[in-house]
Amino acid sequence: MKDNLTERLAAHLADGPHHLGQILITPISGGGYELRHRDEPPPFPALRESTGPDAARQLALYTDTGEFRPLKSAPTLRRGWRLLLADTQELHLALDYLYPAMVGIWRSHQNGTLTAVPLDQTLARQTGMYAAAKRIQNDEARALIQRTCSSAKCLKRILWEMAPGQPVDGLPSGKMSPVLDPGTTACDEIPLLCHEACNILVAEARQVVKQRERDAPQPERQTQSTSPES
Amino acid sequence: MLSKPDSALILVGHGSTVNPDSSSPTFAHAETIRRQGLFGEVHCAFWKEEPSLRQVLHMVDCDEVYVVPNFISEGYFTRTVIPRELEIQGPVSVIQNKTVKYCDPVGSHHRMTELLLHRAAEIAPGVPPAQISLLIVGHGTSLNDNSALAAKREVDCIRQRGIYAEVLSTYMEEAPWIADWDQFTAQPHVVVVPFFIADGLHSFQDIPVLLGIDRETGSAASQSNVFRQNPHHLRNRLLYYASSIGTEPLLAELIVDQVANFDAAHPKRLSP
């Protein structure tokens, strides 16, 4: 092992509280960490306490109103809890449940090894039922990204472009930057980074194309794929 | 006992954007293997959830990575989607400076038969197998790749052991239809084991309706307060309905074994 991610995380958090998505991570004097929702109103002793990384998976699973959260970076993390973790190993696993892959992607970004993939390339390699997504038009894709990727739906910062040299537009500039503007939060933050459009966006792109083609069927419409997903 | 302290294991599941139980068995098996300390790291990755197949390698420290699909059969996902998304070129690939070894899916392990027998015996304790029709239910149609063929293969293996009066494969979307279970079974006791990885939409919500246990599609397994009571008195038979074979805890052993099988089939000298 050349680069231990858990050790890097421990070193980064040693200087005090940090934010990751909607979480506040606080090192506990004497060892361990406390996690809670960053916007939790006091009094904090009223929070329901749990321990260990397994509890993090349960906390990440549903919204406050009991809806399933397939996208963990949606701004819908439930409140009313505090999670105690004994060491950095437990913390790392808990963060991987709450914000999957985000600590690892942050490391790759720091190391300069994170390669953003333009949307057109992500869509071009789709097969089966998702092959239709590659037929999305630019204006449809722009509108879709504004609907699906805005901070009201997902807290990740978009690093990819529509196509090489063609940036995503129509979203606030902060949404497209891997770093926060200085002074915007009370403590340091590990960013949530999106280096490639997710399956949710690809699936939505397919829906947009299918809807358009249903509304206005074209005689030159491409033959449907016969692969199992279709 | 396998020991790979310098290797990572990535267990790949399908996942779902609508059903919270789809990824649960994959996470559970990963946690079991993690606690055994056999690998330096254990991670999950999914097609429809996070971490995605495009994200997961960034989580890995180790230079050597074994990828085991937590899928019931070889097919579209194991041959097309997973290799494409991970950029796997063959059994051994170098991706992001890591040596990635692509193992067979857990469902193709020869001990799946043993797991099906274990689950069937567990669900109907004390019932003489000579009075049992055992049904292995798969999805059917081409949607789930070769799962229908895999179910048939398992049925043949179980039949050869001569334990049960009858062993049959049956499907949601092709004949013999699971909805007609009483038409093609002869025994007073009918044991149904879903040949799926998770208690997702199909095994917990669709099949119970087709069997006649539920009148309408219920909520997700983990959100249901009603534990299924076996046996169900239906159509003049006693029906026993098991949860999906993929939820069987012993599956974790088979996942680890797929790594050992990979090493046996691909000696080190063949690695790049």
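Which residue in strand 7 of chain B does Ser133(B) stand opposite? In this predicted model, Ser133(B) faces Glu166(B) of strand 7 of chain B. The points below begin with the surroundings of that pair.

1. Strand 6 of chain B and its partners. Strand 6 of chain B, residues 132–138, is mostly covered, with 7 of its 7 residues buried. Ile132(B), Leu134(B), Ile136(B) and Gly138(B) point one way from the strand, while Ser133(B), Leu135(B) and Val137(B) point the other way, and all are buried. Strand 6 of chain B runs parallel to strand 7 (residues 166–171) of chain B, to which 6 bridges join it. The pairing of strand 6 of chain B with strand 8 (residues 189–194) of chain B is also in the parallel sense and extends over 6 bridges. There, Ile132(B) has His189(B) of strand 8 of chain B as its bridge partner.

2. Domains of chain B. Chain B is divided into domain 1, made of 4–106 + 249–270, and domain 2, made of 108–247. The C-alpha centres of domain 1 and domain 2 of chain B are 27 Å apart. In the contact between them, 24 residues come from domain 1 of chain B and 21 residues from domain 2 of chain B. On the side of domain 1 of chain B that touches domain 2 of chain B, helix 1 (24–36), helix 2 (76–86) and helix 6 (251–265) of chain B each supply at least two residues. Helix 6 of chain B provides the largest share of that side, 4 residues. By class, this side of domain 1 of chain B has 11 nonpolar, 9 polar and 4 charged residues.

3. The five-stranded sheet of chain B. Chain B has an open sheet of 5 strands in the order 2-1-3-5-4, with mixed pairing. Strand 2 (39–46) and strand 4 (92–95) of chain B stand at the edges; each has a single partner strand, so one side of each is left without a neighbour in the sheet. Direction ignored, neighbouring strands of this sheet are turned against each other by 25° on average. Strand 3 (residues 64–69) and strand 5 (residues 98–102) of chain B run parallel and are joined by 4 bridges. The bridge partner of Glu64(B) in strand 5 of chain B is Thr99(B).

4. Helix 6 of chain B lies across strand 1, strand 3 and strand 5 of chain B, running at about 120° to strand 3 of chain B. Helix 6 of chain B is also the element with the largest share of the domain 1 side described in point 2.

5. Contact between the chains. Chain A and chain B contribute 25 residues each to their contact. Helix 2 (53–61), helix 4 (102–111) and helix 7 (199–215) of chain A each supply at least two residues of the chain A side. Helix 4 of chain A gives the most to that side, with 3 residues. The chain A side divides into 11 nonpolar, 7 polar and 7 charged residues.

6. Chain A as a whole. The secondary structure of chain A comes to 7 helices and 8 strands. Its C-alpha trace spans about 70 × 40 × 35 Å along the principal axes. Of the 230 residues of chain A, 33% count as buried. Among contacts in chain A between residues at least 6 apart in sequence, 70% join residues at least 24 apart.

7. Strand 1 (residues 18–20) and strand 2 (residues 23–27) of chain A run antiparallel and are joined by 3 bridges. They form a hairpin with 2 residues between them, and Gly21(A) in the turn has a positive phi of about 60°. Strand 2 of chain A is in turn joined by 5 bridges to strand 3 (residues 33–37) of chain A, again antiparallel. This second hairpin has 5 residues between its strands, with Gly30(A) in the turn at a positive phi of about 95°. Leu24(A) takes part in both pairings: it is the bridge partner of His19(A), and its own partner in strand 3 of chain A is Arg36(A).

8. Leu77(A). Is Leu77(A) buried or exposed? Leu77(A) has 22 C-beta neighbours inside 10 Å and therefore counts as buried, although it is placed in the loop between helix 2 and strand 5 (81–85) of chain A. Leaving aside neighbours within four places in sequence, Leu77(A) is in contact with Gln22(A) and His37(A).

Key:
Residues numbered from 1 in each chain as written. Chains lettered and ligands numbered in written order. Predicted model: local features only at pLDDT ≥ 70, side-chain atom pairs only at ≥ 80, totals over all residues. Contact = placed C-beta atoms within 7 Å. Nonpolar A, V, L, I, M, F, W, Y, C, P; charged D, E, K, R; others polar. Domains from an automatic or database assignment. Pairing = 2+ DSSP bridges. Axes fitted to C-alpha atoms, helices over the stretch in contact; angles between N-to-C directions. Buried ≥ 20, exposed ≤ 12 C-beta atoms within 10 Å, placed from the backbone.
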